[in-house]
Amino acid sequence: MLRRKAMVAGILALVEAASPGAAEEKGLGVPLDCIPGETCFLQQYADMDGGQGIADPFCGDVAYDGHGGTDVRVSSMLDVEAFVPVLAVAEGTVVATRDREPDAPVRDESEWPLHKGKECGNGAIVDHRDGLKSQYCHLRKGSVRVARGDKAARGAVIGAVGASGMAAFPHLHLTIRRGDQDIDPFSGKPVGTGCNGVVRDSLWSASAQDFFQQADVHVMAFGMAGRPPDYKSLMTDGPPPNLTARDRATIGWGWFLNLRKGDRLQFKITAPDGSTYIETETKPLGHRKAAYMQFVGRGRSPEPGDWTLEVGLKRDGEVVETKSRMVAVR
């Protein structure tokens, strides 16, 4: 991730950032109205490997085999209810929409046939002047704000993030096409034609590049609770209730994205008196994980006061991301 962010930062240094809707800004605009890295997160890029392997546009593994677009997620179905707007990335004409599919994350392969022919779920396709088309998938049922034939301005609300169609988690799947060919907007190359780790022909505007740089984090959510979180509940209901002095356990938890084999997760819990309550580092992960939850704790009630939780990711012996939070326990 550090190498990818350095590449993007180099591009941004050459272009003065403008607001997402600025008419004079060149390139595709920001696709979501959210706070990148806080309320929305980069989950997957297109797979640039033409075979059975995986390669994202930066020659990393933030993709899955055959993935043709860019996925930006929200953390849970609770966020879907909040209406996170999906925005048109460029001016164009709406050529297709769908808005009747339910929001029901796919649990396993047995449910795939239910979405045959409607894998995109609810969404829209916008035809742009420069020969490109943009397709917005998995939108929330009843959220689509455009109709076929409408003129959509850059930054116009298309709908809201959902989990319709073949979606295992709530997110926007954005596909950019030229003719019948999917195009990776980060490299400007057709999907499946290989990566070289260097971004030179990005289709994104400066503000969109900045958006994705900020959205590309590993710690999606974290906190302290009185019981161990359940992964399925996290995705449906969001984070568990905050820790209180009445709880019988003191738990620190973290929800992580795009972990690699060998990664280690770090947790440190500091008590109100400044003493270290827990400080630990997990064993190396046995394989890559697109999304992963981990928790640590003790089966005892917390003392009232201000606790601090720090979580981090250690990769190849180097700490690449840390986040901390003060939790008021009453």
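Colleague: What makes β12 and β15 a pair in this predicted model?

Modeller: Strand β12, residues 250-259, runs antiparallel to β15 over nine bridges. Two strands count as paired from at least two bridges, so β12 and β15 qualify. One of the contacts along the way joins tryptophan 255 to methionine 293 of β15, its bridge partner.

Colleague: And why are β11 and β15 called edge strands?

Modeller: The open sheet has three strands in the order β11-β12-β15, with antiparallel pairing. β11 (219-225) and β15 (289-298) each pair on one side only, and that makes them the edge strands. From one strand to the next, the twist averages 10°.

Colleague: Let's turn to leucine 28. How do you know whether it is buried or exposed?

Modeller: Its relative accessible area is 7%. Buried means under 20%, so leucine 28 is buried. Leucine 28 sits in the loop between α1 (2-12) and β1 (41-44).

Colleague: Which residues is leucine 28 in contact with, leaving aside neighbours within four places in sequence?

Modeller: Among them are Val89, Ala90, Arg154, Ile176, Leu203 and Trp204. Alanine 88 is 60 residues away from leucine 28 in sequence, yet their C-alpha atoms are 8.9 Å apart.

Colleague: Last one: what lines the largest pocket?

Modeller: That pocket, with a volume of about 990 Å³, has 32 lining residues, and Val106, Met166, Ala167, Ala168 and Phe169 lie nearest its centre. Helix α4 gives the largest share of the lining, four residues. By type, the lining has 15 nonpolar, eight polar and nine charged residues. β15 comes back here too, as one of the elements that supply at least two lining residues each.

Methods. Residues are numbered from 1 along each chain as its sequence is written. This is a predicted model: local features need pLDDT of at least 70, side-chain atom pairs count only at pLDDT 80 or more; totals for chains, interfaces and linings use all residues. Side-chain values use heavy atoms; hydrogens and water are left out. Axes are lines fitted to C-alpha atoms, for helices over the stretch in contact, and angles run from 0 to 180 degrees between N-to-C directions. Buried means under 20% relative accessible area, exposed over 50%, partly exposed in between (1.4 Å probe, protein chains only). Contact means heavy atoms within 4.5 Å. On a 1 Å grid over the protein atoms alone, a cavity is a set of points where a 1.4 Å probe fits but cannot get out, and a pocket is an open set with protein on both sides within 12 Å along at least five of seven lines; lining residues have an atom within 4 Å of a point. Grid points are joined across faces, edges and corners, and a volume is the space filled by probe spheres set on the points. Ala, Val, Leu, Ile, Met, Phe, Trp, Tyr, Cys and Pro count as nonpolar, Asp, Glu, Lys and Arg as charged, and the others, Gly among them, as polar.
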